[in-house]
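Good morning, and thank you for the time.

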Amino acid sequence: MAISTIAAIFDWDIKLVWDTVTNLEDSAWRSDLRRTEITGKAHFSEYSKDGIRTDFTVTKRVPYKRWELELENENICGHWTGIFSEEKGRTRIVFTENVTAKKFVLRPIIKLYIKRQQERYITDLRKRLAQQTQ
């Protein structure tokens, strides 16, 4: 099992950040994804540029505060938690992934892989937020 947490502060209001992160119909800003498919009220799948499908189930949704997801693909399974808070007109996010590698060979590198994915996500999110406010 690997646990990785990333935190960031954005100079945009919490509504914009929340709406961008939770809008499953617009994933074009994500540099790691080919597409996202909504498969049910609380279910969606992301397709990576490498063609790997990851299935998600929303387990908790408290608007502008908390979003939690179970996730699974051919390589990993686990839980993702996003915490959102407002600080002086800015938004603070704390995203935590708790993931288990399904394949033995992936276990030594899974934490590094997750951390890299989280950093890429934050970079993409910053770019998207900047585009939306221009």
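I begin with the largest pocket, whose lining draws at least two residues each from α1, β2 (33–40), β3, β4 (53–62), β5, β6, β7 and α2. Helices (H or I, at least four residues) and strands (E, at least two) are DSSP runs, numbered from the N terminus. This is a predicted model, in which local features need pLDDT of at least 70 and side-chain atom pairs pLDDT 80 or more, while totals for chains, interfaces and linings use all residues. Residues are numbered from 1 along each chain as its sequence is written, and side-chain values use heavy atoms, without hydrogens or water.

A pocket here is an open set of points on a 1 Å grid over the protein atoms alone, where a 1.4 Å probe fits, with protein on both sides within 12 Å along at least five of seven lines; lining residues have an atom within 4 Å of a point. Of the 39 lining residues, Arg30, Asp32, Glu46, Tyr113 and Gln117 are the closest to the pocket's centre. The largest contribution to the lining, 8 residues, is from α2.

Finally, Ser48 lies in strand β3 (residues 43–48). Ser48 counts as buried because its relative accessible area is 17%, buried meaning under 20% with a 1.4 Å probe and protein chains only. Beyond its neighbours within four places in sequence, Ser48 contacts Asp32, Leu33 and Arg34, contact meaning heavy atoms within 4.5 Å.

Key. Buried means under 20% relative accessible area, exposed over 50%, partly exposed in between (1.4 Å probe, protein chains only).
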